[in-house]
Amino acid sequence: MAVKLLMSWDIRPDREQEYFEFVVREFIPGVQRLGFELSDAWATVFGDHPQILVGAVASSASKARQILQSEEWKTLNSQLQDFVKNYSLKIVEARGGFQF
């Protein structure tokens, strides 16, 4: 059964330019290389909600756990933390449409 990795965060105001460069050049390609298929990317422009929401699908829960335990994921995730705050991650059963 496919699962979806749901991540959310706020971009640190003083790191916006570096954040966007990192996400485009390293984070997204790295997540895909590891085996997740990006399915959603949302930006909140108004309200008290996380600024960025990202969904990525893996073929199974065991595949997702394997990816999240890999050294490459740990490195990517650690680098992301330099640019964001209020980070959250969870794995849920994949369904069609927006999930949060």
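Q: What is a salt bridge, and how many does a search of the whole structure find?

A: A salt bridge is a side-chain nitrogen of Lys or Arg within 4 Å of a carboxyl oxygen of Asp or Glu. In this predicted model, a search of the whole structure finds four salt bridges. One of them joins Asp40 to Lys4, with the closest N and O atoms 2.8 Å apart. This pair links distant parts of the chain, since Asp40 belongs to strand β2 and Lys4 to strand β1, 36 residues apart.

Q: Are Asp40 and Lys4 buried or exposed?

A: The general idea is to compare the relative accessible area with a cut-off: a residue under 20% is buried, and a residue over 50% is exposed. Asp40 has a relative accessible area of 15%, so Asp40 is buried. Lys4 has 4% relative accessibility and therefore also counts as buried.

Q: Which residues is Asp40 in contact with, leaving aside its neighbours within four places in sequence?

A: With those neighbours set aside, Asp40 is in contact with Lys4, Leu53, Val54, Gly55 and Gly97. The contact with Lys4 can also be read as a polar one, made between the two side chains at 2.8 Å.

Q: Where do Glu71 and Lys74 lie, and what do their side chains form?

A: Both residues lie in helix α3, three residues apart, which is about one turn of the helix. Glu71 has a relative accessible area of 57% and is exposed, while Lys74, at 43%, is partly exposed.

Q: How far apart are the closest N and O atoms of Arg15 and Glu18?

A: Arg15 and Glu18 form a salt bridge in which these atoms are 4.0 Å apart. Arg15 counts as partly exposed, at 25% relative accessibility. Glu18 is likewise partly exposed, at 37%.

Q: Which residues of helix α3 are buried, and what do they pack against?

A: Helix α3 covers residues 71-81, and its buried residues are Trp73, Leu76, Asn77 and Leu80. Seen down the axis of α3, these buried residues fall within an arc of 95 degrees, so they line one face of the helix. They pack against β1 (3-11), α1 (16-34), α2 (61-68) and β4 (84-93).

Q: How many residues does the largest nonpolar core have, and which of them have the most contacts inside it?

A: A nonpolar core is read as a group of buried nonpolar residues joined through their side chains. The largest one here has 24 residues, and those with the most contacts inside it are Trp9, Tyr19, Phe27, Phe36 and Trp73. At least two residues of this core come from each of β1, α1, β3 (52-58), α2 and α3. Helix α1 gives the most, with six residues.

Q: What is Tyr19 in contact with, leaving aside its neighbours within four places in sequence?

A: Apart from those neighbours, Tyr19 is in contact with Trp9, Ile11, Ile52, Leu80, Phe83 and Val84. Among these, Trp9 is itself one of the core residues with the most contacts, and Leu80 is one of the buried residues of α3.

Q: What is the mean pLDDT of the protein, and which element has the lowest mean?

A: Where pLDDT is low, the predicted coordinates should not be read in detail. The mean pLDDT of this protein is 94, and 99% of its residues reach 70 or more.

Definitions and conventions. Residues are numbered from 1 along each chain as its sequence is written. This is a predicted model: local features need pLDDT of at least 70, side-chain atom pairs count only at pLDDT 80 or more; totals for chains, interfaces and linings use all residues. Side-chain values use heavy atoms; hydrogens and water are left out. Buried means under 20% relative accessible area, exposed over 50%, partly exposed in between (1.4 Å probe, protein chains only). Helices (H or I, at least four residues) and strands (E, at least two) are DSSP runs, numbered from the N terminus. The arc is that of the directions from the helix axis to the C-beta atoms. Contact means heavy atoms within 4.5 Å. pLDDT is the predictor's confidence in each residue, from 0 to 100. A polar contact is a pair of N or O atoms within 3.5 Å; within protein, one must be able to donate a hydrogen and the other to accept it, and residues adjacent in sequence count only if both atoms are side-chain atoms. A nonpolar core is a set of buried Ala, Val, Leu, Ile, Met, Phe, Trp, Tyr and Cys residues joined through side-chain atoms within 4.5 Å.
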